[in-house]
Amino acid sequence: MDWVRTHYCGDLRAANVGDKVILAGWCQTRRDHGGVIFVDLRDYTGITQVVFKMEISADAHQEADRIRNEFVLAVSGTVAHRLEGNINPKLPTGEIEVLVDTLELLNPSQTLPYQLEDRDEVDEKIRLTYRFLDLRHESLQQNLMLRSQAMQIVRNYFTSEQRFFEVETPILTKSTPEGARDYLVPSRVSPGMFYALPQSPQLFKQLLMVSGFDRYIQIARCFRDEDLRGNRQPEFTQIDLELSFTRPEEIFGIIEGMFARLFRETIEVEVPTPFPRMSYQEAMDRFGSDAPDLRFGLELQDVSDIAAQSELKVFGEVIAKGGLVKAICVPGGSDFSRKDLDDLTDFARIYGAKGMAWIKRNPDGWQSPIAKFFSAELQDQLNDRVGLNVGDLVLFCADTPKVVHDTLGNLRKELARRRGLVDDSVYKFVWITDFPLFEYSETDQRWASTHHPFTMPNLDDLKQHAESDPGKIRSVAYDVALNGVEVGGGSIRIHRQDIQNRVFQLLQLSDEEIETKFGFLMRALSYGAPPHGGIALGFDRIMMFLLKTDSIRDVIAFPKTQRASCLMTDAPSEVETSQLDELHIRVKASAQAS
RNA sequence: GGGGUUGUAGUUAAGUUGGUUAUAACGCCGGCCUGUCACGCCGGAGGCCGCGGGUUCGAGUCCCGUCAACCCCGCCA
């Protein structure tokens, strides 16, 4: 029998009594009752679920009797009856009735490992093992369809509207141990040598600028061998672009245009542009985060000077060591119970805080374990500083600036969640600018790049602080954050060999290391590289926003587990010794699975 | 590397202060039913209680270890 896919069921729904229909698709028997078989014939491609009743001949029934659950079949028949009106919109069985002449079982299904409609209650371990069945579920189908649509919109925007040039860069490339851990690929032809999978196409796109492709775009797969999170997979997709002769403002405008169009054309949300700009310093001071969530207040207040005058020893000690005392005022927060405060203290400890002081302002004054260390005058000062009114609560963190910002930045988000201040129908973008060029790495005992080593430093800062305090050098780097999540980051790049060399020196790379790791880049810069810059956006994270999900696995067809394995294919797995021999590799005995 | 949650039929769960043969629903298998739509009725099968130790007369239950999934810290230029 010739058959057609069920996405022509749209036509079936329009069909009249007496019309001949031929269709095929996944079906589920609802009931097998005498000569009538009740079938859900689902159209996965079009996402409309067509449920109808088939009356089948004795021959066809014999065939149908063998099939029970999730199967694929083709039927030809006649529309016998249509019920008027929509009796049950959720289960419109019988709305269309087909009298079946022939029924061909294209492929039976064995009993399903779980009932597909129960997806939301089934352990994710099982769904990942049977991901091909999980993907039959309407929600994942819709997610991936929107992803496809979003990718189309983005590609169109850049290549048609903005005249960007799409170029593919290598997947087998050179290891650059700066930054994330590389995934390595052994070379067969060059014994003992390894390729790396790209952490990003960063250097290739810069080289394309040197080549004269003034506007580059790639929707690029990137690989980082670091531990996973709810919003982090070891391979992920980046919207990667680079422009020559550009300034940050030009890039901001292009990206704002992309987001506005993407949000409008996918979820019909108007995103106001331009996005606000905020320096890194301001973001840290006010929100304790370089990706502040601007949907609510609860800003951090520096109270170090007031705390220093109190008689509480720890405050004084922290400040003497160059630390900070900062506070968050929670309006109406005096209704927090002792247990709430204990929970919040535990929460604070996650980020390294040693404890958490708090003050409730009641009508008769402060209620607080630390009230006695503050004179009446100091209490007034503090009330004014943080806006502590009757009925409010203040939470303190006293520690190094890093711990204070980390703790209060996260506590701020947690408080907003608890008090229902987070509106997930609102999308607040913000550009964060002027990142520090370097961060000190305690583990490596040296300065490390905040973004990457190719970021253009603020040249005045470089001149002034390179010797004395590299931590004070700002860079021409920027992130775009959405509702407290970093969704992209970029910079103007170094296009001059001498500046690049200087930065490598500050990163304590020897001349030999510079040559072996980045010789090709240094050569490229020496041939008249144009000023250039760009940005990379996390496509998966953007999809998470469009689809309002907290799990990146909901926006990726075949995701990895937290241990970076694939439960469906059982990757990674052992390989034949002969394969290893070809690669000149031997696995340490200690690493062999038992 | 560290902290937390979870792990019992195919699935989702219950399982008391440690005590007979480990429950239920859905699913599955067999039978009945020509208008169901969470159909109904009768019958049945299905368990290394994640795995390994230990305590105990006795462990699904207590202790130690371990594995896996998820969340988080570190990490993610």
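The legends below describe close-up views of a predicted model. Local features need pLDDT of at least 70 and side-chain atom pairs count only at pLDDT 80 or more, whereas totals for chains, interfaces and linings use all residues. Residues are numbered from 1 along each chain as its sequence is written, chains are lettered from A and ligands numbered from 1 in the order in which they are written, and side-chain values use heavy atoms, with hydrogens and water left out.

**View 1. Helix α5 and the elements against which its buried residues pack.** Helix α5 covers residues 138-161, where helices (H or I, at least four residues) and strands (E, at least two) are DSSP runs numbered from the N terminus. From the first C-alpha to the last, the 24 residues of α5 reach 33 Å, close to the 34 Å expected at 1.5 Å a residue; the expected span is 1.5 Å times one less than the number of residues. The buried residues of α5 include L140, L146, A150, I153, V154, Y157 and F158, together with Q141, N143 and R147; buried means under 20% relative accessible area, exposed over 50% and partly exposed in between, with a 1.4 Å probe and protein chains only. The packing partners of these buried residues are α4 (131-134), β9 (215-223), β10 (235-244), α7 (248-267) and α17 (539-546). After α5 comes R163, which has a positive phi, near 55 degrees.

**View 2. R215 and I219 in strand β9.** R215 counts as buried at 19% relative accessibility, and a polar atom of its side chain lies 2.7 Å from the backbone oxygen of Q162. Apart from neighbours within four places in sequence, R215 is in contact (heavy atoms within 4.5 Å) with Q162, R163, F164, F165, E242, L243, E250 and I254. I219 is also buried, with a relative accessible area of 16%, and, with neighbours within four places again left aside, I219 is in contact with M151, V154, R155, T237 and Q238. The C-alpha atoms of I219 and E576, which stand 357 residues apart along the chain, are separated by 34 Å.

**View 3. Aromatic pairs and a cluster of rings.** Rings of Phe, Tyr and Trp (its six-membered ring) pair if their centres lie within 6.5 Å, and planes under 30 degrees apart count as stacked, over 60 as edge-to-face and the rest as tilted. By this rule there are 23 aromatic pairs. Y130 and F132 form an edge-to-face pair, at 6.1 Å centre to centre and with 80 degrees between the planes; Y130 is partly exposed at 32% relative accessibility, and F132 is partly exposed at 47%. The rings of F315 and F396 have their centres 6.0 Å apart and their planes at 50 degrees, so this pair is tilted. That pair links distant parts of the chain, with F315 in helix α10 (residues 313-320) and F396 in strand β16 (residues 393-399), 81 residues apart, and both residues are buried. Ring pairs also join F252, F259, F263, F275, Y427, F429, W431 and Y478 into a cluster.

View 4. The structure holds zero disulfides, a disulfide being a pair of cysteine sulfur atoms within 2.5 Å. For C566, in turn, the nearest cysteine sulfur is that of C222. C222 is buried, with a relative accessible area of 0%, and C566 is buried at 10% relative accessibility.

How values were computed. A polar contact is a pair of N or O atoms within 3.5 Å; within protein, one must be able to donate a hydrogen and the other to accept it, and residues adjacent in sequence count only if both atoms are side-chain atoms.
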